[in-house]
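Colleague: Let's go through this model residue by residue. Keep it brisk, please.

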Amino acid sequence: MDPLFYLVVILYLVVTFYLGYLGWRHTRSAADYMVAGGRVNGFLVSLSYGATFISTSAIVGFGGAAAAYGMSMLWLAALNIFVGIFIAFAFLGKRIRTMGANLGAHTFPELMSRRFNSRFIHGYAALIIALVMPLYAAAVMIGGARFLEQVLKVEYTWALVVFAILVAVYVFFGGLRGVIYTDALQGAIMFAGMVILLVLTYVRLGGVIPAHTALSDLKDLVPAALAAKGHAGWTAMPLPGSELWWYVVSTLVLGVGIGVLAQPQLAVRFMALRSGREFGRGLVVGGIFILAMTGTVYVVGALSNVFFHRTAGKIALAMVTDPVTGTPNIDRIIPLYISQALPHWFVYIFMLTLLAAAMSTLSSQFHAIGTSVRDLYYLVLPGAPREQGMVAARAGVLLALAATLYLGFRLPVSIIALATSIFFGLCAASFLPALVAALYWPRATRGGVIAGIVSGSLAYGFMVFFVHQKEAVIFGVAQALLGKPYIASFPWNIIDPLVVALPASVVGLIAVSLVSRALPQEHLRECFRGIGGVGIPVRDG
Amino acid sequence: MLGLEGFGVFLAYVLCIASTLLCVVYGVARWNSDE
């Protein structure tokens with residue numbers, strides 16, 4: 001490894017800690033620690049939002065998946081931009097910020113519980129974040145540690161511990177301000193890295209249209225196993241109704257694309273914005289940033305097939321298939337492509353991009369877990385002084401560090417990867433209809449929202465344990481209770497659990513709301529103060 | 001279609017860029033708007 005690269009990594013870490021220090025210097029109250037005092041500008045918040053959104057596994061894992069399945073995955077990028085940025089900033093974010101300020105809420109569980117006057121919602125949301133998010137954080141941490149292990153040639157165990165502690169230190173001291181400042185730096189590095197990657201790839205392959213055409217021409221090389229599942233070439237959609245089609249449409253587009261809206265660690269970003277004016281600025285930066293991330297990942301991943309075919313006569317999957325077991329490791333495709341196809345200097349930039357992507361996601365996870373522990377602390381000790389909030393959240397960050405490290409060492413990688421998708425799905429099934437109702441439907445009642453959260457969670461759990469093949473086989477609950485690995489036949493065993501759980505949550509929420517008493521008018525007026533176009537219902541009975 | 005074989009993929013490619021333009025245009029139009 002070039003000594004210059006060590007110097008760049010050290011410089012990057014020094015600047016990161018300086019930004020964490022700036023966050024710490026400006027953190028004097030619990031509100032500073034939780035939501036950066038609600039005084040951050042739109043550029044920083046949207047860079048931070050984007051950098052948190054995109055982790056190392058999103059770049060390496062989804063890039064590898066695009067190399068295998070093709071550019072139909074661009075639907076996910078389009079949804080990430082349209083739903084994850086446009087809808088999130090223009091429609092949900094503004095109301096989250098205004099309502100959060102009206103209710104003095106500093107976390108996502110606190111916002112939901114104050115909106116519906118419910119301790120159950122508070123505790124349930126905080127528990128899901130505190131208990132399940134460490135698994136997702138462990139997945140991100142392992143990605144970062146593998147990077148340090150390979151690049152800096154340090155032992156994996158040490159890499160894991162050092163990486164997690166590095167991130168925890170600036171979250172512990174700097175709170176959300178520290179997280180957002182460092183995210184902005186990391187986001188800028190990621191943006192530069194991915195734009196250069198896209199440009200170099202198109203240049204290397206002869207331009208945009210020639211590269212796409214070359215990829216289209218490879219369609220006869222689709223492996224028979226994938227063709228049987230509906231793979232129709234890397235620049236065509238999978239055959240309608242095929243296994244691959246359901247995978248791309250339900251899991252990727254619905255599950256990952258829409259699931260992002262109800263992520264607590266992203267929702268809290270909106271509460272940090274200093275005014276409603278910042279949303280316009282955030283939209284501009286956020287839209288361009290996510291295009292540069294996800295658009296690049298899927299295009300480059302798919303086009304890596306052209307490069308490998310020209311240089312080695314093989315498609316990307318064949319390049320990473322173990323000659324003994326015959327199993328491909330798609331996570332190796334993007335790193336292999338970067339090292340073989342691109343100039344040496346870019347390899348270093350890309351490594352820094354991956355490090356920044358892992359750190360920016362992990363820092364927000366630690367922060368979200370820490371603030372959830374603070375929520376639980378106040379639920380257990382309602383009379384505790386408000387000044388203790390920051391101490392409780394910092395203690396929560398330390399717990400997050402310990403839990404994440406423990407999981408990182410103890411759990412097999414397959415379970416951790418699964419837990420990540422379950423966290424996304426469970427958040428969406430439980431909280432997305434509830435969040436939309438909180439912001440847009442004053443008639444939604446406490447009972448209705450609890451019914452929505454519970455029915456969404458139960459439906460999701462049922463799908464994961466009994467119906468959706470991928471998870472049901474690993475958990476083995478259906479096998480133990482019913483004697484078969486999963487109970488449904490195609491396509492239900494392939495369709496993302498969210499496709500069933502989300503409507504279940506919506507139906508539960510609406511049905512129970514319509515037959516239960518609306519919340520008091522004065523409470524609703526307080527919630528919706530400064531939010532126009534909402535009719536406050538008259539409380540009946 | 002930009003060298004892309006399937007219309008669905010072409011549409012996704014175009015929608016990625018169109019969604020980004022929507023963010024940019026909407027964001028610039030509301031640059032200083034608090035509404």
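Modeller: N117(A) is exposed, with 12 other C-beta atoms within 10 Å. The model is predicted: local features need pLDDT of at least 70, side-chain atom pairs count only at pLDDT 80 or more, and totals for chains, interfaces and linings use all residues. Residues are numbered from 1 along each chain as its sequence is written, while chains are lettered from A and ligands numbered from 1 in the order in which they are written.

Colleague: Is G175(A) buried or exposed?

Modeller: Buried means 20 or more other C-beta atoms within 10 Å, exposed means 12 or fewer, and partly exposed lies in between; C-beta atoms are placed from the backbone. G175(A) has 31 C-beta neighbours inside 10 Å, so G175(A) counts as buried.

Colleague: Which residues is G175(A) in contact with, leaving aside its neighbours within four places in sequence?

Modeller: Contact means that C-beta atoms, placed from the backbone, lie within 7 Å. Leaving aside those neighbours within four places, the contacts of G175(A) are G23(A), T27(A), D32(A) and Y33(A).

Colleague: What separates the C-alpha atoms of G175(A) and F366(A)?

Modeller: The two residues are 191 apart along the chain. Their C-alpha atoms are separated by 9.7 Å.

Colleague: Which residue does a cis peptide bond join to F490(A)?

Modeller: Omega is about 5 degrees there. The partner of F490(A) in this cis bond is P491(A).

Key:
Contact = placed C-beta atoms within 7 Å.
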